[in-house]
Amino acid sequence: MTDAPWALLAELTHACPLHCPYCSNPLELVRRDAELDTAEWARVFAEAAGMGIVQAHISGGEPLLRRDIVQIVEAAHDAGVYTQLVTSGLGLTSRRLDDLVRAGLNSVQLSVQDARAESSDLIAGRTSFRAKERAAGVIAAAGLPFGLNVVLHRHNLDRLQEILDLGARWGADRIELANAQFYGWALRNRTALLPAREQLDRAKEIVAAHDGSGPEIVWVLPDYYEGVPKPCMGGWGARSITVGPDGTALPCPAAYAMPDLAPPNVRDHSLAWIWAESPAFNAYRGTGWMTGPCRECPRRETDFGGCRCQAFALTGDAARTDPACGLSPDHHLVRDAAEAAGSVAGSGFAYRRPPPVR
Amino acid sequence: MPADRTDGDWRPALARSIVLRHDTVRGADLLLMPERAVRLSETGGRVLRLCDGSRTVGDIVAELGEAFPGAPLDDDVPEFLDRVRAEGWLR
Ligand code: SF4
Ligand code: SF4
């Protein structure tokens, strides 16, 4: 029998006031009129809790753009799920946060693009840094567990120390340093975002030298540079379910990009069936699907062959070894890009945009 | 800073970020916190359920003593609570 899932990533909407060039939403953003309604989300959380899901990221896009976010959080809380709001901070007033806390919200993760206003706004594609600063004040004043998430890349890595100082000043309990992962929007912007190796080396030194005081620091591996794939979180279909704004259910948010996956939808199937029975969730479960060097590799239960979405994005075949792995026959795809990053000047961003209204 | 010996008037309570929940699917008590879930042993769950800020460590040991007569609670419980406090899950 399949082990029970632990976590749900609920993408309430793909709408967002920001335009980050590494957004983890799919290139084809779901339109607002296709979104699940309040009752549908309540059903998803009740089913999720019944299957063993104990944690939910209430995310987007910007989840605060949902007028019914308080009811949705309340439904998750009533089902017994620990909730974390994942927000850009735009629209997070103390009144809004109070309502959410009363509805049962447990914690907040705020994103910031850089330590300085001008560059944070440039990366976000709009003026937003001051609003984030205010949101941080609101979260800290509420005394809620507060995580700060920063996606790292060529344009902000050199300010890592400033970013850590900012997190401490804003009152974060935890700073997640998420080196950009290249699929979807970030892959489209790879030339602009890939850092030079020296930038990463200096950043790693700063993280290593951190004395352990202040916020906890989490460093998400930059897999392009290590020759080691990042472990798919517990393996495909092992821990977590992503439900998109229109009810599309995926083993991970990057899997929208796999055209042959035929992901199931919570409007058509129970979450229990989706988890245990659907072809999409079983496609790369376990190790039986593995090809190439992964099959005999002693690390196959450790990193699960790396990222399926990256394998697909770079080779067109999701069952191949992740090209980030030094043992992959496709490793040059990653190595060449990483090496070139030191010399190319870097281009402008292709900002994330909402779908055209048809 | 967590003390390495539990002091007499400490009334342990879960940290603000932590939720203690029984998970009926897995048949276990869990500590839930941002980005993490910790599965507790049966006794661990039992001890932490008594950490509501009203009981001293001595009260907790005495209460458990009724359920587990003869168990080495005087040493084990304070040691366990210190460990959990060092993780930042108790205050
Ligand atoms: S397939 Fe890739 S993007 Fe998806 S969860 Fe695994 S590692 Fe992450
Ligand atoms: S060959 Fe496959 S299992 Fe082995 S380290 Fe590389 S990606 Fe992981």
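**Salt bridges and the A–B interface**

I would like to start with one pair of side chains, those of R202(A) and D158(A), which meet in a salt bridge with an N to O distance of 3.4 Å. This pair links distant parts of the chain, since R202(A) sits in helix α9, residues 197-209, while D158(A) is in the loop between β5 (146-152) and α6 (160-170), 44 residues apart. R202(A) itself is partly exposed, with a relative accessible area of 45%. Please keep in mind throughout that this is a predicted model.

Over all chains the structure holds 22 salt bridges, and I will pick out a few others. In chain A, the side chains of R320(A) and D330(A) form a salt bridge at 2.7 Å, N to O. Both residues lie in the loop between α14 (308-315) and α15 (332-341), so this bridge ties together parts that are 10 residues apart in sequence. R320(A) counts as partly exposed at 28% relative accessibility, whereas D330(A), at 11%, counts as buried. There is also a network of salt bridges in chain A, which links R32(A), E35(A), R66(A) and D68(A). In chain B, R26(B) and D23(B) meet in a salt bridge at 2.5 Å, N to O, and here R26(B) is buried at 16% relative accessibility, as is D23(B) at 1%.

On the chain A side, α1 (38-51), β2 (55-59), β3 (82-87) and β4 (107-111) each supply at least two of the residues that touch chain B, and the largest share, three residues, comes from α1(A). By class, that side of chain A has 12 nonpolar, 10 polar and one charged residues.

As for its extent, the contact takes 23 residues from chain A and 15 residues from chain B, and the two chains bury about 1400 Å² between them, 54% of it on carbon and sulfur atoms. Within chain A, W6(A), Q55(A) and Y82(A) lose the most area to chain B, together 37% of what that side buries.

Finally, a word on chain A as a whole, which has 15 helices and nine strands. Its radius of gyration is 20 Å, close to the 21 Å that the globule rule gives for 358 residues, so chain A is as compact as a globular protein of that length. Of those 358 residues, 56% count as buried.

Note on methods
Residues numbered from 1 in each chain as written. Chains lettered and ligands numbered in written order. Predicted model: local features only at pLDDT ≥ 70, side-chain atom pairs only at ≥ 80, totals over all residues. Heavy atoms only, no water. Contact = heavy atoms within 4.5 Å. Buried area = accessible area lost by both parts, 1.4 Å probe. Helix = DSSP H or I, 4+ residues; strand = E, 2+ residues; numbered from the N terminus. Nonpolar A, V, L, I, M, F, W, Y, C, P; charged D, E, K, R; others polar. Rg over C-alpha atoms; globule rule 2.2 N^0.38 Å. Buried < 20%, exposed > 50% of the residue type's maximum accessible area, 1.4 Å probe, protein only. Salt bridge = Lys/Arg side-chain N within 4 Å of Asp/Glu carboxyl O.
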